[in-house]
Amino acid sequence: MSTTSAALTRREQILKEAARLFAERGFHGVGVDEIGAAVGISGPGLYRHFAGKDAMLAELLVGISGRLLTGGKRRAAEARDGGAAAEALLDSLIEGHIDFALDDRPLITLHDRELDRLRDSDRKLVRQLQRQYVELWVEVVREVYPTLIEPEARATVHAVFGLLNSTPHLSRPGPLPGRSAMATLLHRLARGAFAAAASNGAA
């Protein structure tokens, strides 16, 4: 049991360092040896965990898309089971995405730069998971803002994702606010975007 746990921990460490290095230097700018050195193992030792860099990239991008969808579905189920209002569920979805945007910034950079390097099957899977995640949000947004027609709700969800996913660029040229303050600001901006879209739709 401990061996399995250790292997999973090492695998997660490899993925975390691979994401950081790929985001900093680009996929082709990082060698297997460098990833291995970052986690304290030889480059060839990585092949006990992954077939190569392409496999790491696929697991990173497919994995985060799956985790976002799973997390969103979990929040929706918890809200429905607890009798929470749609507005509370929307706030919960925003909070979950903000956690991702603040804590997994290398993955955002990686997605923007390297998605096209995936095999067709992996890239299609990423897109499929992302579409499901968007539609989950669209359903909730339309419950909260019924004046928004479906195409407008979908466009606004994409715009809000763009806003939240801008975090890799926010530390330049000056430092970010503290994490809590940044999360509060992003949440306020997201809700403001939805409210503005709904107000325009009702006009």
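A: Read along the sequence, the protein chain goes α-α-α-α-α-α-α-α. That is eight helices and zero strands, where helices (H or I, at least four residues) and strands (E, at least two) are DSSP runs numbered from the N terminus. Keep in mind that this is a predicted model, in which local features need pLDDT of at least 70 and side-chain atom pairs count only at pLDDT 80 or more, while totals for chains, interfaces and linings use all residues. Residues are numbered from 1 along each chain as its sequence is written, and side-chain values use heavy atoms, with hydrogens and water left out.

Now for H3, residues 53-81, the helix that holds Leu-60. At 1.5 Å a residue, the 29 residues of H3 should span 42 Å, and the 41 Å between its end C-alpha atoms agrees with that; the expected span is 1.5 Å times one less than the number of residues. After H3 comes Gly-83, with a positive phi near 70°.

Leu-60 itself counts as buried because its relative accessibility is 7%. Buried means under 20% relative accessible area, exposed over 50% and partly exposed in between, using a 1.4 Å probe and protein chains only. Which residues does Leu-60 touch, leaving aside neighbours within four places in sequence? They are Leu-15, Ala-18, Ala-19, Phe-22, Leu-107 and Leu-110, with contact meaning heavy atoms within 4.5 Å. Take Ala-19: it is 41 residues away from Leu-60 along the chain, yet their C-alpha atoms are separated by 7.3 Å.

Over in H1, residues 2-25, you'll find Glu-17. Glu-17 is also buried, because its relative accessible area is 17%. With neighbours within four places in sequence set aside, Glu-17 is in contact with Ala-38 and Val-39. As for the stretch at residues 31-50, an unreviewed UniProt entry annotates it as "DNA-binding region"; such annotations may be inferred rather than shown by experiment, and their positions are given in the numbering used here, with feature names shortened. In the model that span is 40% helix and 0% strand, and its end C-alpha atoms lie 14 Å apart.

Finally, the whole chain. Its C-alpha trace spans about 60 × 40 × 35 Å along the principal axes, and buried residues make up 43% of the 203 residues. Among contacts between residues at least 6 apart in sequence, 70% join residues at least 24 apart.
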